[in-house]
Structure formats: structure tokens, C-alpha cells
Amino acid sequence: MAETKPDKPGFFSRLFGRKGETQPEAAPQTPQAGGEPEAMPSPPATAADDLVAAPPTVTTASPDTPEENKTVPELAGADLQPVEGLDPEGVSPQEPLPRIVTETGPQLRPDIAAADLANPEPAPAEVVPPSALEAKPAPDEKRGWWQRLTEGMRRTSSSLSDSVTGLFTKRKLDDATLQDLEDALIQADLGVPTAMRITEAISSGRYNKEISPQEVRTILASEVEKTLQPVAQALHIDRGKKPFVILMVGVNGAGKTTTIGKLSQKFRSQGLKVMLAAGDTFRAAAIEQLKVWGDRVGAPVLAREQGADAAGLAYDALQEAKANGTDVLLIDTAGRLQNKAGLMAELEKIVRVIRKFDESAPHATLLVLDATVGQNAMSQVELFQKAAGVTGLVMTKLDGTARGGILVALAAKFGLPVHFIGVGEGVEDLEPFTAGDFAKAIAGLEATP
Ligand SMILES: Nc1nc2c(ncn2[C@@H]2O[C@H](COP(=O)(O)OP(=O)(O)OP(=O)(O)O)[C@@H](O)[C@H]2O)c(=O)[nH]1
């Protein structure tokens with residue numbers, strides 16, 4: 001048990017349940033693409049994963065398009081963080097080789113878990129870049145989720161907390177103070193309706209009285225929690241679907257590939273057989289990045305050459321996953337968008353082609369959102385909802401921004417389930433989303449012991 005107890009052991013236990021550390025599983029066989037799909041609209045590029053390049057047939061985007069032209073205008077928020085700034089190669093996940101954490105929750109299949117643990121063969125070294133294997137000191141190992149969450153969200157919470165302290169220290173609750181509070185909440189990206197609701201809750205019965213900053217924080221947390229509660233929904237893997245197909249969508253650099261890696265790790269640690277499909281065929285580095293994650297977590301990766309037809313690849317992956325008894329198939333998609341039409345066409349085609357094989361798939365379509373884009377996330381949700389029928393959200397990079405309040409605005413406006421949040425690049429920096437913890441973290445409150 002390498003997990004060090006955080007400040008609040010009771011809270012930690014409640015948050016995660018029991019965890020243990022295991023060795024990496026035996027690397028499974030790399031899948032071979034299945035035979036020809038019967039109803040594939042694409043050319044025979046679906047047959048094998050080492051065929052000659054099949055150019056993208058649907059989207060107008062091309063692998064040759066310069067990187068700077070890849071984001072649709074409506075998604076081009078001024079503060080959209082390019083992936084290149086964080087990981088120039090875009091290949092190696094930047095944390096040490098991940099520890100596999102066994103979550104002994106109700107879904108654990110002891111038969112599989114036991115088999116995996118009994119065969120702790122490391123991932124093939126030749127595929128993992130040496131830099132990724134270097135055993136950097138891993139501070140994350142020593143910290144619990146609450147600590148990572150609050151540290152990660154410090155920029156968001158301190159900007160809010162500073163405003164609250166400044167506004168409510170020895171001041172009566174009057175119109176001007178309330179207006180300033182509302183402005184501060186809107187600036188923190190919580191959205192106008194939520195900001196108004198919080199302000200009303202704070203003023204209720206307290207008008208013209210003194211109220212302490214701590215009281216304000218408590219009400220703030222409670223109101224935020226009320227907004228988030230309905231969307232804080234675990235991602236349920238329906239074991240009746242085999243494979244359970246998860247399509248990952250989002251703009252470039254949002255963290256799709258990294259999130260796939262982190263989720264795979266979680267699923268594997270629950271004893272599930274996982275397979276990955278490298279559907280981001282625009283970027284060679286994205287394919288390599290996914291292979292690295294696959295090797296790390298012991299999940300086969302179906303990949304093709306850059307520029308291959310993503311829908312055909314997704315079809316073959318599903319066929320292969322079905323044949324080899326995969327429990328969860330995660331399909332990566334390209335995030336480099338030239339225009340709305342290209343995005344719609346590519347995602348729609350992937351979904352359409354997947355459904356030729358399994359009418360009920362994809363069983364989850366997760367939109368990965370980078371918190372640092374702030375309000376721009378709203379238009380991303382709208383766009384991807386239209387293009388791919390998003391069923392849930394994952395918000396990454398809450399650690400890199402003061403704009404974490406955007407999650408509250410998204411919850412209030414769309415009501416889409418939020419399954420996971422990410423507060424760092426480490427494999428354990430992605431955890432299921434819980435309303436109470438997030439609300440307390442954003443308001444700068446201590447966790448309940
Ligand atoms: N700080 C921080 N970085 C993150 C988080 N999640 C992902 N990243 C980093 O964000 C960068 C982009 O992640 P990717 O997974 O490559 O993003 P992508 O959406 O697959 O990008 P494309 O392949 O270009 O579409 C990587 O350097 C990740 O390590 C997070 O929660 N916090």
C-alpha cells in the first residue's frame with residue numbers, strides 16, 4: 001500500500017475506497033485487425049493496420065494542414081492552451097511510469113485481477129521512450145486526492161477567496177457589496193445565473209448585517225454543491241455491453257489521449273480487459289502517445305499510419321475487441337479541427353460506422369474539456385453535442401487555471417454528467433468527480449473530516 005494517508009484519512013477513505021498498489025500487468029498481444037467489415041463504406045483500408053496510407057475520406061482536414069490552422073474559429077479562445085506548449089513532442093506522458101492502483105470496489109473481478117497480478121510482466125521497454133521510464137521522484141504518490149485537488153485548484157480558489165475576504169471583512173452586507181460579489185463570481189467563470197443565485201443565498205436574511213468571509217465561503221460552497229450535485233455522476237460501465245465502447249472527443253490539446261491512458265489504468269486496475277483505438281490519425285505523435293499508454297497499462301492498441309481513415313479503424317477495433325473478449329474499448333479521435341463541417345463529418349462517420357457493427361455503440365461519448373479555456377468551453381460543448389451526441393464530460397487541467405468555476409457554469413447550463421476531473425498530468429491526477437469536494441475546494445474550505 002504505497003498510498004500515504006492525506007491530512008484527512010476519514011475523508012480520503014470515503015473518497016476512494018480501498019486502494020492497493022500492484023505491478024503492471026502482462027502486456028497483452030497487440031491486436032491484429034480483423035477481417036473485412038461487411039458493411040464498411042470505406043475502401044479496404046479497414047483490412048489490416050499496416051496497409052498503405054488511406055487518406056481521410058470525410059473531413060476536409062488533412063494531416064498536411066499546418067498545425068496553427070487546425071482549430072475552428074469558434075473554438076479559438078484567446079487562452080486556449082496549445083498542446084505543443086506542454087509537451088513539444090506530444091508523445092510521452094510526463095509522469096513517471098504509473099503505479100497501477102487496484103480499486104477493490106464492487107466491480108472488481110477477482111478472477112481477472114488475480115490472473116493479472118500473478119503475472120506482473122512489465123510493458124515492452126522498446127516502445128516506451130526512456131524519458132517516460134525514468135523514475136522521477138513521484139510526489140503524487142505521497143499525496144491524497146484531496147490534497148491534489150485543493151493544490152491543483154489553488155489558483156481558482158484563491159482568486160475567489162481573496163475577493164470574498166476583501167469584500168466581507170468588517171463590512172455590512174449592502175447592495176454595493178452584493179454587486180461586487182456577483183461580479184467576482186462572474187469573473188471566476190461561474191456564470192451569471194449561478195452568481196445571482198449565490199448572491200441571493202448570501203443576502204437572504206442577512207441584509208445590512210455583518211457576515212464573515214468564512215460564512216460567505218460556506219454558503220458559496222453549499223450553493224455550488226447544489227448546482228453540481230445532479231451532474232456528478234460516475235461513469236457506469238455496463239457489463240452487458242462487451243465491449244463497452246467509449247468514444248473520446250474534444251479539441252486538440254484538451255487531454256483526450258492522456259485521459260484515455262489514465263482511464264485505461266483505472267479500468268485495468270478493476271480487472272477489466274481494455275483495448276485502445278488510435279483514431280487520432282491526424283497526428284503521428286498522438287498515435288505513438290497512445291501506444292505508450294497502451295504498453296504502460298497493458299492494453300492492446302489498434303493503430304494505423306497517419307492519415308488513415310479513422311472510422312474504418314474504429315470499425316476494425318470494435319470487431320477485434322468483440323473477437324478477443326475486450327470489456328472496454330476506448331477510441332481516441334482527432335482534435336485538430338479545421339472547420340465545423342469537417343468535425344461534424346468525421347465524428348458522425350465514426351459513430352455511423354461503429355453502429356454498423358453494434359447499434360448501441362458508442363455506449364459513452366466523453367467530451368474532454370480543458371479548464372484553462374474558460375468560457376470557451378461552453379461553445380465546445382454545444383459544438384460537440386451536435387457533432388457526436390456527448391453523454392458526459394471530463395474536465396482536465398483544473399490545476400493550470402483560475403477559471404475552474406467554468407465547471408459550475410457548464411453544469412448549470414447543460415446538465416451533462418461530469419464523470420472525471422483532472423488536476424495534473426500524473427496518472428492519479430484524474431479522479432471521479434464529486435460535487436462536495438469540488439465545491440469545498442473552489443470555495444477554499446477544508447474537507448469535512
Ligand atoms: N496540467 C495538466 N496537464 C494535463 C492534464 N491532462 C492532460 N494534460 C496535458 O495536456 C497535454 C495535451 O494532452 P493530450 O492528451 O495530448 O491532448 P489531446 O486532446 O489528445 O491532443 P491532440 O492529440 O492534439 O488532439 C499533455 O501534455 C498532457 O500531459 C491535466 O489535468 N493537467
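This is a predicted model: local features need pLDDT of at least 70, side-chain atom pairs count only at pLDDT 80 or more; totals for chains, interfaces and linings use all residues.
**Lysine 397**

I started with lysine 397, which sits in the loop between strand E8 (392–396) and helix H16 (406–414). The phi of lysine 397 is positive, about 60 degrees, although the residue is not a glycine.

**Aspartate 189**

Next I looked up aspartate 189. Its phi is also positive, at about 70 degrees, and aspartate 189 is not a glycine. I found aspartate 189 in the loop between helix H8 (175–187) and helix H9 (192–203). Aspartate 189 has 24 other C-beta atoms within 10 Å, so I noted it as buried.

**Cis peptide bonds**

Then I checked omega angles. Lysine 242 and proline 243 are joined by a cis peptide bond, with omega near 10 degrees. Where does proline 243 lie? I placed it in the loop between helix H10 (213–228) and strand E3 (244–249).

I noted another cis bond, from alanine 361 to proline 362, with omega about -10 degrees. Proline 362 belongs to the loop between helix H14 (340–357) and strand E7 (364–370).

**Helix H6**

I turned to helix H6, residues 145–152. How many of its eight residues are buried? I found six, so the helix is mostly covered. The buried residues are Trp145, Trp146, Arg148, Leu149, Thr150 and Gly152.

**Around the ligand**

I listed the shell around the ligand and got 26 residues. Which come nearest? They are Gly255, Thr257, Thr258, Gly335 and Gly422. Helix H2 (83–86) and helix H11 (256–269) are the elements that give two or more residues to this shell. H11 gives the most, with three residues.

I also sorted the shell by residue type. Five of its residues are nonpolar, 13 are polar and eight are charged.

**Residues 417–430**

Last, I checked an annotation. An unreviewed UniProt entry lists residues 417–430 as "domain: SRP54-type proteins GTP-binding". I looked at what the chain does over that stretch. Residues 417–430 are 0% helix and 43% strand.

Key
Residues are numbered from 1 along each chain as its sequence is written. UniProt positions are given in the numbering used here, feature names are shortened, and annotations may be inferred rather than shown by experiment. Helices (H or I, at least four residues) and strands (E, at least two) are DSSP runs, numbered from the N terminus. A residue is buried if 20 or more other C-beta atoms lie within 10 Å of its own, exposed if 12 or fewer, and partly exposed in between; C-beta atoms are placed from the backbone. A residue is near a molecule or strand if its C-beta atom, placed from the backbone, lies within 6 Å of it. Ala, Val, Leu, Ile, Met, Phe, Trp, Tyr, Cys and Pro count as nonpolar, Asp, Glu, Lys and Arg as charged, and the others, Gly among them, as polar.
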